[in-house]
Amino acid sequence: RATGTGHTRAKAILVGEHAVVYGEPAIALPLASLPMRAVARREEGPLTLESVLYSGALSDAPEQLAAPVAAVEATLDHLGLPHRDVVLSTESTIPAARGLGSSAATAGALALALADLAGRTLTAQEHFDLVQVGERVAHGNPSGLDARTTASTEPVWFQAGEIRPLDLALRAHLVVADTGVHGRTRVAVADVRSFRDRHPARGTELIAELGAITRDVVDDLALDRPAELGARMTRAHGALAELGVSSPELDRLVGAALAAGALGAKLTGGGQGGCMLALAADAASAGTIAAALRRAGAARTWLHRTDARRPA
Ligand code: MEV
């Protein structure tokens with residue numbers, strides 16, 4: 001084969017970030033409006049990457065791309081391919097370092113493109129394991145939530161490395177807003193650990209509360225309870241803020257969304273920058289909230305609607 005392609009997408013965590021690192025469950029949504037496409041083509045010479053962040057030999061790629069680079073190297077070894085004579089390219093509008101899973105989406109799409117080039121398909125577990133090689137480089141102790149969700153096309157329940165589909169009666173109108181500030185997942189994950197070391201009782205309580213919120217959100221989604229879901233999202237934001245992973249920008253956007261009529265709002269992903277998520281009652285309200293978020297300083301906003309579905 002002369003070329004191979006791979007597709008993944010960004011993800012937003014509805015609830016459960018950070019607590020998921022301690023074995024609690026999380027719920028995350030793939031964002032179809034932010035796709036990632038990778039192409040691998042045979043061309044003699046050093047292994048090369050062409051992307052918006054960097055174009056050149058993979059061995060000289062900047063630190064920011066360390067995770068995808070590690071995943072690509074692991075994929076080549078897995079497929080028994082030499083580390084040369086391939087040009088990789090990625091095309092995407094996923095903002096980097098904003099808690100939307102750009103590193104896992106990039107690594108995953110590149111792994112799929114390389115497998116396709118080799119005339120192979122990766123099993124879900126192989127894909128997961130290869131992306132996790134990169135995620136470990138990116139932030140030390142990744143739960144695997146990003147690796148799983150960016151490979152999925154449906155919202156997922158995630159716990160201990162495994163996913164299952166959700167019963168969705170609720171059609172959620174979500175607004176994702178970018179603070180414009182780089183998220184710092186590695187630092188945020190370390191800060192939660194340090195909070196737990198300094199305040200063991202409160203730290204354990206907050207992680208458990210986030211886990212309980214996620215379990216209740218499963219029922220909100222299955223029973224079509226948007227107001228309850230919104231209230232739980234806002235409570236989750238409070239717990240995450242107490243754990244130290246919010247930021248003034250995230251708090252300001254959460255406040256602006258609630259003032260504009262959101263049913264709930266919270267940071268999403270690693271935090272300390274990056275993106276937040278607001279739940280709107282309907283499409284019109286989502287538009288109003290998005291406009292309010294941009295007035296409050298959001299660099300960008302995206303609208304996302306989940307569809308109802310019943311798993312088989
Ligand atoms: C990052 O998208 C989500 C975190 O929970 C880290 C992880 O799950 O590995 C903050």
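Start with two helices. The axes of helix H1 (residues 66-79) and helix H2 (residues 102-117) come within 9 Å and cross at roughly 25°. Axes here are lines fitted to C-alpha atoms over the stretch in contact, with angles from 0 to 180 degrees between N-to-C directions. Helices are DSSP runs (H or I, at least four residues), strands likewise (E, at least two), numbered from the N terminus. This is a predicted model: local features need pLDDT of at least 70, side-chain atom pairs count only at pLDDT 80 or more, and totals for chains, interfaces and linings use all residues. Residues are numbered from 1 along each chain as its sequence is written.

H1 and H2 are therefore roughly parallel to each other, a term for angles under 35 degrees. Who makes the contact? From H1, the residues include Ala67, Ala71 and Leu79; from H2, they include Ser103, Leu110 and Ala115. Contact means C-beta atoms, placed from the backbone, within 7 Å. By class, this contact has 11 nonpolar, three polar and no charged residues. Ala, Val, Leu, Ile, Met, Phe, Trp, Tyr, Cys and Pro count as nonpolar, Asp, Glu, Lys and Arg as charged, the others, Gly among them, as polar.

Now the domains. The assignment gives domain 1 (3-163) and domain 2 (167-305), with bounds from an automatic or database assignment. Their centres, over C-alpha atoms, are 24 Å apart.

Where does the ligand lie? Both domains give residues to its shell, so the ligand lies between them. Helix H4 (145-151) and helix H5 (185-198) each supply at least two shell residues. The shell has six nonpolar, six polar and two charged residues.

Conventions: Angles under 35 degrees count as roughly parallel, over 145 as roughly antiparallel, 65 to 115 as roughly perpendicular and the rest as oblique. Two residues are in contact if their C-beta atoms, placed from the backbone, lie within 7 Å.
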